[in-house]
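Please look over the sequence and the 3D view before reading on.

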Amino acid sequence: MQETVVSGQTSETSWWTRLTAGPLRILVSLIVPVLTFLALRWSFAYMRDTEANKLLIGAVALIVGVGAVWVLFILTDNVVSLLPERVRESVRPFVFVGPALVVIALYLIYPMLNTLWLSFGNANGTEFVGVDNYLYLFTSPANLIAFRNNVLWLVFVTGFVVSMGLVIAVMVDRIGFWEPIAKSFIFLPMAISSVGASIIWKFVYSFQPAGRPQIGLFNAIYTAFGGDPQGWLIIKPWNNFFLIAIMIWMLTGFAMVVISAAVKGVPSELLEAARIDGATEIQIFFGVIIPYIQGTLLTITTTVIIMVLKVFDIVYVMTNGQHETEVLANAMYRELFRFRHYGRSGALAVILLLAVIPVMIYNVRGFRQQRR
Amino acid sequence: MTLETRTDGNRAMAWLRNFFSAAPVRLVVLGIAFIWTLPTMGILISSLRPEDSIKASGWWTMLEHPFEAAQWTMANYARVLTTDGIGEAFINSLLVTIPSVVIPITIAAFAAYAFAWMEFPGRAVLFVLIVGLMVVPLQVTLIPLLRLYIGWDMNGTFLGVWLAHTGFGLPLAVFLLFGYISSLPAEIIESAKVDGASPFTTFTQLVLPLSVPVIASFAIFQFLWVWNDLLVALVFLGTSREVSVITARLAALVGERGEQWHVLTAGAFIAMVIPLIVFFLLQRYFVRGLTAGSVKG
């Protein structure tokens, strides 16, 4: 629109634009995050000195945090508006997108590269040791158990969650009035934190010596059938499965809800036609419903895999990796905080990262195809 | 379904047949729902029983005579809220969670708008990068950030956790908001431009109000994610009473008070209250948000 005004100076402004736009873009990208950060830090330090009430700190910090972000966005935009025409329009997008890029660079990209570097270093990152940490992780018996357990988690949680979610989704579709109620109760564990779920199940697995009343559901049922009370969480290697059950309990409802939405999308004409052709319900399930919703099944499977791969909370709370229940994420935490070994801890994190790279590539390709 | 197309008589027959064939399925599904609920029921009932009776008999024995008022008590709740520091941890959780939801939404909304409606060099590449970063396991960021925080004297502060959650939540937030904002009709954005609105005004007056549904979905997802998170809170805040959030406090209680179920059950239930309220009141957004956000790393 207003470009016509300056069209005569195009050749002159273009080199100037090119020269100034770069630094200016970086500058406007930094204004919001850096100044917000400084404002928050200053207000925190000030309140710490005055020993302000905690709720007051929260309220002030919220106002400063949120308010500062907005004020600074407005401010930056106004400053950019003062710039000469050509420069302005090439800089302005960075007022919007810059802060997000700066935060992502600082909180995701830089740490990722740094962790990769640390994983080739010694305990406190002062010396380069090559692949020693990786060799250690792939040979030490304790860590091999962690690898084994992660595989167990991946296979059993993913397998059970997806297949049970699918079966329940198909069944729940046919129970009419009760459907939303049954769905709510099966989905409910998804709202609970892993820590809460762990306490819930620790109580289910609770153990009292024989002769004492069993207050854990599992041992109560087991002794009612004549068994001796068991400490379920210390029986190797089955204790892993008792932990795995917790995550299955948490995620099945989630899989069910997602798959259920897909099942409802199967055209009823398709199902009717199959029934008229004399197909049994089992044949319809495998021949019509599953092929129709396979995209959803793939999505939910990768989603569950990513969640399971990083399982930490459940193991941390239930056993803290004792009795051969260690998993990679807990081992990583332990290396970091108990042994202060940045190298090994970093190497474990890198292994987790490598494991999700196929999903990352799949996501990016899926996104690009969708955009085309 | 296709029942509408049939005649009345047939419809009644079909309904009957449907009812009887559905009966076993209904039984199985309701049975599963019941089993799924039992463990949670166990801690809810136990949290309302006196310490001695929790130890003396299983929680299910309460169901034999549920109306004897004397066997119920609120004492466990009073105790965990004060003595065990769950009350303080609850407030800390709120202080951590609210800014950790609001700050990333603000920053992500601006970015999503730019990705959707502005031209700038590197736009496609940067966005693909963000899509890729969504599933990065946050474990991979912990050590360097911890070292930075120690250097900046920010370890164990709320500020550090807010910014960490902001960083970890941003790729997902940008991705979700972009999907929605880029699908707004181009005519609306164009007409605002023609009317002389600056990109900033277009964004705040037009795009933001229109994006409320997607913002709500992400907000609920992020709220639950941060509220239920243990790892980030443990690493950047630690377990000291003054700053620890409710999940970290509970995890510490499991260690300190392993078999004191009157404490653990009441504490666990307090931690569940807010997610459960969100779950029952906003179930539609809850499902949408969880589904959209489940890929987060």
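The report starts with the interface, then turns to salt bridges and a few single sites.

## The interface

This is a predicted model. The size of an interface is often given as the accessible area lost when the parts come together. Chain A and chain B bury about 10200 Å² between them. Of that area, 81% is on carbon and sulfur atoms. Helix H3 (residues 85-118) of chain A gives the largest share of the side of chain A that touches chain B, with 20 residues. By class, that side of chain A has 79 nonpolar, 16 polar and 13 charged residues.

The contact takes 108 residues from chain A and 117 residues from chain B. Polar links across it can be counted too. Between chain A and chain B there are 5 residue pairs in polar contact, with both residues at pLDDT 80 or more. The count of salt bridges between the two chains is 0.

## Salt bridges

Over all chains, the whole structure has 15 salt bridges.

| Salt bridge | Distance, N to O |
|---|---|
| Arg174(A) and Glu281(A) | 2.8 Å |
| Glu179(A) and Lys183(A) | 3.2 Å |
| Glu256(B) and Arg249(B) | 3.7 Å |

Take the pair Arg174(A) and Glu281(A), whose side chains meet in a salt bridge at 2.8 Å. This pair links distant parts of the chain, 107 residues apart. Arg174(A) is in the loop between helix H5 (141-172) and helix H6 (179-187) of chain A. Glu281(A) is in helix H11 (residues 281-292) of chain A. Arg174(A) has a relative accessible area of 32%, so Arg174(A) is partly exposed. Glu281(A) is partly exposed as well, with 35%.

The pair Glu179(A) and Lys183(A) sits within one helix. Both residues lie in helix H6 of chain A, 4 residues apart, about one turn of the helix. An α-helix has 3.6 residues a turn, so residues three or four places apart point the same way.

In chain B, the side chains of Glu256(B) and Arg249(B) meet in a salt bridge. Glu256(B) counts as partly exposed, at 47% relative accessibility. Arg249(B), by contrast, is buried at 4%.

Chain A also holds a network. Asp77(A), Arg88(A), Glu89(A) and Arg92(A) are linked in it by salt bridges.

## A buried asparagine in chain A

Asn330(A) is in helix H14 (residues 328-337) of chain A. Its relative accessibility is 1%, so Asn330(A) counts as buried. What does the side chain of Asn330(A) make a polar contact with? The partner is the side chain of Glu326(A), at 2.8 Å. Leaving out residues up to four places away in sequence, Asn330(A) touches Phe312(A), Val315(A), Tyr316(A), Asn320(A) and Gly321(A).

Trp72(B) is found in the loop between helix H2 (51-56) and H3 of chain B. Trp72(B) is partly exposed, with a relative accessible area of 29%. A polar atom of its side chain lies 2.9 Å from the backbone oxygen of Pro66(B). Pro66(B) is also in contact with Trp72(B), as are Ile45(B), Leu48(B) and Met62(B), with neighbours within four places in sequence left aside. Pro50(B) and Trp72(B) are 22 residues apart in sequence. In space, their C-alpha atoms are 7.0 Å apart.

Helix H3 of chain B covers residues 75-82. Its buried residues are Asn76(B), Tyr77(B) and Val80(B). They cover an arc of only 95° around the axis, so they are on the same side of H3(B).

## An exposed serine in chain B

Ser183(B) is in the loop between helix H7 (158-181) and helix H8 (186-194) of chain B. Is Ser183(B) buried or exposed? Ser183(B) is exposed, because its relative accessible area is 54%. The side chain of Ser183(B) reaches the backbone oxygen of Gly179(B) at 3.5 Å. Ser183(B) and Val136(B) are 47 residues apart in sequence and 26 Å apart in space, C-alpha to C-alpha.

Conventions: Residues numbered from 1 in each chain as written. Chains lettered and ligands numbered in written order. Predicted model: local features only at pLDDT ≥ 70, side-chain atom pairs only at ≥ 80, totals over all residues. Heavy atoms only, no water. Helix = DSSP H or I, 4+ residues; strand = E, 2+ residues; numbered from the N terminus. Buried < 20%, exposed > 50% of the residue type's maximum accessible area, 1.4 Å probe, protein only. Polar contact = N/O pair within 3.5 Å; in protein donor to acceptor, adjacent residues only side chain to side chain. Contact = heavy atoms within 4.5 Å. Buried area = accessible area lost by both parts, 1.4 Å probe. Salt bridge = Lys/Arg side-chain N within 4 Å of Asp/Glu carboxyl O. Nonpolar A, V, L, I, M, F, W, Y, C, P; charged D, E, K, R; others polar. Arc of directions from axis to C-beta.
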